[in-house]
Amino acid sequence: MHKTLINPHGGHLIDRKLAGGERDRALEAAASLTTLTLSDRNLHDLECIATGIYSPLEGFVGEEDYHTIVNDMRLSEGHAWSIPISLQVSDQEADRYPLDGDVALAHPDGTVLAIMTVSDKFRPDQDHEAERIYRTADGAHPGVAAMRRAGPVYLGGPVALIDELPDRSFVDYALTPHRTRAEFAKREWDTVVAFQTRNPIHRAHEYLTKCALEMVDGLFINPLVGTTKSDDIPAEVRMRCYLVLLERYYPQGRVVLGTYPAAMRYAGPREAILHAISRQNYGCTHFIVGRDHAGVGDYYGTYDAQHIFDEYNADELAIAPLRFEHAFYDTRSQQMATGKTSPSTPEERIFLSGTKVREMLQRGEMPPEEFTRTEVAEILMGALQEA
């Protein structure tokens with residue numbers, strides 16, 4: 001492995017996947033265990049834990065870590081961590097899973113995926129969690145709503161993955177941290193910047209990623225493909241957009257595309273930290289944080305997700321944020337810019353957003369070149385007409 005790659009968060013990369021005889025014995029043991037059927041979010045979390053994306057977590061968080069995460073944005077041992085990765089169940093289900101016992105974690109189709117040792121069972125104050133993590137207890141917030149739906153009883157403990165998750169999409173791009181680190185080392189990249197997105201890349205995103213690429217050896221475009229809101233553009237459509245952009249508008253050999261299997265929590269600043277930690281585990285040294293990262297509605301300030309990084313030092317969080325202002329198309333200079341580089345007036349600036357692009361498409365309007373590349377607009381329009 002390339003000697004200058006950044007260390008994983010916590011010092012070493014977690015791998016909770018069983019193989020060989022160990023896997024066979026676990027699969028046999030699972031047949032006699034009580035089964036817990038996982039939700040979509042649980043499935044995404046299990047994959048992120050087992051493959052090391054959520055290093056140093058080895059399972060769903062226990063009570064001590066839960067409280068230090070919620071209150072202090074750190075694990076009990078001191079490492080930065082901003083959102084509790086929880087396995088929640090209903091009151092009725094909770095009695096089925098005894099403390100200090102093993103449980104089989106299953107896909108909704110019945111496939112047993114993992115064994116979890118239940119080391120903790122607790123019932124936290126969900127209103128407090130909502131206020132601390134999402135800055136609101138409003139049930140209209142998608143993250144708060146998902147947390148409440150999942151159940152009031154939390155199970156914590158280490159997991160051991162027995163089987164790959166079925167129905168995995170984008171297999172060619174489902175790169176684990178072990179694979180991305182090997183790829184970055186092969187390319188001899190010492191510095192890598194990650195870009196998180198749950199939208200197609202429009203011109204403002206393209207501008208930010210290319211500015212960042214001027215400063216580092218390589219760019220890791222890492223779109224989130226886990227559960228999102230129903231009105232977000234589907235991942236399979238977005239992947240087609242990313243591929244056409246990379247083929248035609250980015251330098252070959254300086255960009256890697258890989259999917260990020262996490263679910264969106266829409267936790268704004270807190271989620272920006274989780275996203276950064278995940279990308280450090282992939283091997284990235286820098287992380288792009290723009291306007292309203294992981295935001296939804298008006299729950300967070302425009303640049304709150306940038307300011308939260310100031311609450312950690314380099315010993316607690318090694319990956320460095322690259323903070324960008326809101327980019328716009330400058331009609332005076334006829335190029336992308338920010339307030340730091342453009343002398344234009346507000347009337348000469350066209351601000352772009354995924355929301356605006358979606359609204360135009362829903363009206364049957366083709367977004368102009370100032371908003372998004374024509375090839376991307378055509379893919380989005382075609383997908384909308386097929387829906």
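Contact, as used in this report, means heavy atoms within 4.5 Å. The structure described is a predicted model, in which local features need pLDDT of at least 70 and side-chain atom pairs count only at pLDDT 80 or more, while totals for chains, interfaces and linings use all residues. Residues are numbered from 1 along each chain as its sequence is written, and side-chain values use heavy atoms, with hydrogens and water left out.

Helices (H or I, at least four residues) and strands (E, at least two) are DSSP runs, numbered from the N terminus. A residue is called buried under 20% relative accessible area, exposed over 50%, and partly exposed in between (1.4 Å probe, protein chains only). Helix α6 covers residues 142-149, and its buried residues are Gly143, Val144, Ala145, Ala146 and Met147. The buried residues of α6 pack against α2 (40-50), β3 (87-89), α5 (126-134) and β7. After α6 comes Gly151, which has a positive phi near 120 degrees.

**Strand β7 and its partners**

Two strands are said to pair if DSSP finds at least two bridges between them. Eight of the nine residues of β7 are buried, so this strand is largely enclosed by the rest of the structure. Strand β7 spans residues 153-161 and pairs with β5 in the antiparallel sense over three bridges. Antiparallel pairing also links β7 with β2, through two bridges, with β3, through three bridges, and with strand β6 (residues 120-122), again through three bridges. The table lists bridge partners within β7.

| Residue | Bridge partner in β7 |
|---|---|
| Val89 | Val153 |
| Ala114 | Leu161 |
| Met116 | Val159 |
| Phe122 | Tyr154 |

On strand β4 (residues 102-106), β5 has an antiparallel partner, joined over five bridges. Here Val103 is the residue opposite Met116 in β5. The hairpin of β4 and β5 has five residues between the strands, and Gly110 in this hairpin takes a positive phi near 100 degrees.

**A three-stranded open sheet**

Three strands form an open sheet with antiparallel pairing, in the order β14-β13-β15. The edges are held by β14 (335-337) and β15 (349-351); each has a single partner strand, so one side of each is left without a neighbour in the sheet. From one strand to the next, the twist averages 35 degrees. Axes are lines fitted to C-alpha atoms, for helices over the stretch in contact, and angles run from 0 to 180 degrees between N-to-C directions. Strand β13 (residues 328-330) is joined to β15 by three bridges, and the two run antiparallel. In this pair, Tyr329 stands opposite Ile350 in β15.

**The pair of helices α9 and α13**

Two packed helices are described by the angle between their axes and the distance between the axes. For helix α9 (residues 235-249) and helix α13 (residues 374-386), the axes come within 9 Å and cross at roughly 160 degrees. That makes α9 roughly antiparallel to α13, in a scheme where angles under 35 degrees count as roughly parallel, over 145 as roughly antiparallel, 65 to 115 as roughly perpendicular and the rest as oblique. The contact is made by Val237, Arg240, Cys241, Val244, Leu245, Arg248 and Tyr249 of α9, together with Glu375, Val376, Ile379, Leu380 and Ala383 of α13. Within this set, Cys241 counts as buried, at 0% relative accessibility.

**Cysteines and backbone exceptions**

A disulfide is a pair of cysteine sulfur atoms within 2.5 Å. A search of the whole structure finds zero disulfides. For Cys48, the closest cysteine sulfur lies in Cys284, 14 Å from its own, which is too far for a bond. Cys48 is also buried, with a relative accessible area of 0%.

Most residues other than glycine have a negative phi, and most peptide bonds are trans. The peptide bond from Ser55 to Pro56 is cis, with omega near 10 degrees, and Pro56 lies in the loop between α2 and β2 (59-60). Arg135 is not a glycine, yet its phi is positive, near 65 degrees. Located in the loop between α5 and α6, Arg135 is partly exposed, with a relative accessible area of 42%. Tyr266, also not a glycine, has a positive phi of about 55 degrees. The loop between β10 (255-257) and α10 (269-282) holds Tyr266, and this tyrosine counts as buried at 3% relative accessibility.
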